[in-house]
Amino acid sequence: MTPLLEVKNLTKVFGGLTAVGDLTFHVDRGEIVGLIGPNGAGKTTCFNLLAGAMTPTSGSVHFKGEDVTGRKSHQMCKLGLTRTFQVVQPFPDITALENVMIGAFVRHGSTGAAERKAREVLDVVGIAHKADTLGRDLTLMELKRLEIGKGLATEPDLLLLDEVAAGLTPVEIDDILTLVRRLNSEGMTFLVVEHVMKVIMNLSHRIVVLNFGSQIAEGTPAEISKNPAVLDAYLGEEEYVA
Amino acid sequence: MKQMKQYREFLVPLVVFALAAFLPLFLKTYYMHIAILILIWAYLATSWNILGGYAGQHSLGHGLYMGIGAYASTYLALEFGLTPWVGIFVGMAFAAIAGWFVGYAAFRYGLKGAYFALVTIALTEAAVYVVSNWKAMGGAAGLEVKYLGTDPFMMQFDSKLPYFYIILFMTLLAVLTAQWLNRRRFGYRLIAVRENEEAAEAMGVNTLGTKINANVLSAVMTAAGGTFFAQYFTYVGPRVVFGEVVSVQILLFAIIGGLGTVWGPLVGAVILVPVAEIARAELGTQFQGAHLLLYGGVLVFTMLFMPNGIVGLAKSIRARFGKTPDDTMSVSASEGGAS
């Protein structure tokens, strides 16, 4: 069976800096794959490349068996690959419902259908009671939920979550984790970039570790936490912080 | 039933314009002229608002499209005897091409904000000089619509009444278009582009295509206004229909009335045009351009004290007072859920 997402020798060079170098990994349907690495390891660049916000220097991306290298963001979204942003990106002057409707319009032409879909999504992410609140008036926790909702509304096969736990309290993080797990059990596939170790270790079925733009390890959370190269590059340092 | 509900949103504009249709019963000729001026600027500002207000791309060069519409119909009528009723559509077609080209050239290379504004103002200024040196277009002297007395076939009338109804109908169509956008996918996408382009793109909005389409729609509508302008004043000159003076006036009413709102441009024109006309009539002989000074003053005042325009201010006042029951309900609902 072909994987849902297949990344081969993906490389992005900015001037003399190789932000992502020769990266190869895949994501199967129904998985939650974590993408981790120290600051500057190339995680966000990798996301930008996959989601179509940047064009790779070389290498290829296959999605649902189709070569999608170099496609634009809106094309990737239509194909079923949607990303959320590390720094939440709401539309401030329209309501939460309308924010989500923008995403729903990808699959629904009529306003009525898009609105029904958006209400359903707001319910799933738990901010249905904020439907009529403007984007600018939502709290960070609500914005994080809105961010996921905006992605879900596009009805993706693969949702890329960028630092969804950043800035949240432990209780709020647990809420978000429960949400992601539930969506996953309903069949949604996730690729997750995350700084909070607890999140990635709890959530991921499989983890890909980056350092200086290249993959240094891949495996289950248990394997990764024992991998000497990873401990060296990343977890060892993090212990002081945690 | 469902169909009825879908079209209910158009009821308010239809009623308002139906009532406005009775205005000539009460207005003397001079006031009819002011009413027509109001509608011309309301129409043009509503057209501009689709690109500038909804999609947030502040074009300072809509004189380009107005000029194309005005010159196309006038030239074709003079040269080939083509009725402006057809010429208006020729002008709209040319404006569509120009709008597409300007949109593609500017947006393809990611021009935004002040840079987009500068490019559009440069293009409309360039058009002034091109037309001023274009013999067939009358050069700097412009073109005069041939006087035919009352000739409905050539969109010419001795009375102001028919002009009033034509521009009233055009403005109604423009307002209905804005109202239609308000609750349709394309309209939502325009707003998404205005609010956050990166997020819109990630959510499946083809932002480049959306902006180009907005520019084309806005240009086409503006060109139709240009044809009417030419027929009403029976004269087109490079500076009169192209150029930055008219381009800036177009957006003035939208900004003062309320960007990105259905009624803002109309409200802005209704309030500002009469004031400016009175200033021109009363002070015009001693202080030429007094009305322009007034525009400037009102614009500064608006920017300072009601950046969302008159309609925007009304909306936020209504939201503050009207929404209180809603807010308390949602708070109590969430409290109920928590306990």
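Reader: Which elements of chain A have the lowest and the highest mean pLDDT?

Author: This is a predicted model, where local features need pLDDT of at least 70, side-chain atom pairs count only at pLDDT 80 or more, and totals for chains, interfaces and linings use all residues. Helix 9 (residues 228-241) of chain A has the lowest mean pLDDT, 65, and helix 3 of chain A has the highest, 96. pLDDT is the predictor's confidence in each residue, from 0 to 100, and helices are DSSP runs of H or I, at least four residues, numbered from the N terminus.

Reader: And what does chain A average?

Author: Chain A averages a pLDDT of 90, with 96% of the residues at 70 or above. Where pLDDT is low, the coordinates should not be read in detail.

Reader: OK, switching to the interface. How many residues are in contact?

Author: On chain A, 29 residues are in contact (heavy atoms within 4.5 Å) with 22 residues of chain B. Residues are numbered from 1 along each chain as its sequence is written, chains are lettered from A in the order in which they are written, and side-chain values use heavy atoms, leaving out hydrogens and water.

Reader: Which residues form the salt bridge?

Author: A:E115 pairs with B:R183, their closest N and O atoms being 3.1 Å apart. A salt bridge here is a side-chain nitrogen of Lys or Arg within 4 Å of a carboxyl oxygen of Asp or Glu. The count between chain A and chain B is 1.

Reader: Which helix gives the largest share of chain A's side?

Author: Helix 3 of chain A, with 5 residues.

Terms used
Helix = DSSP H or I, 4+ residues; strand = E, 2+ residues; numbered from the N terminus.
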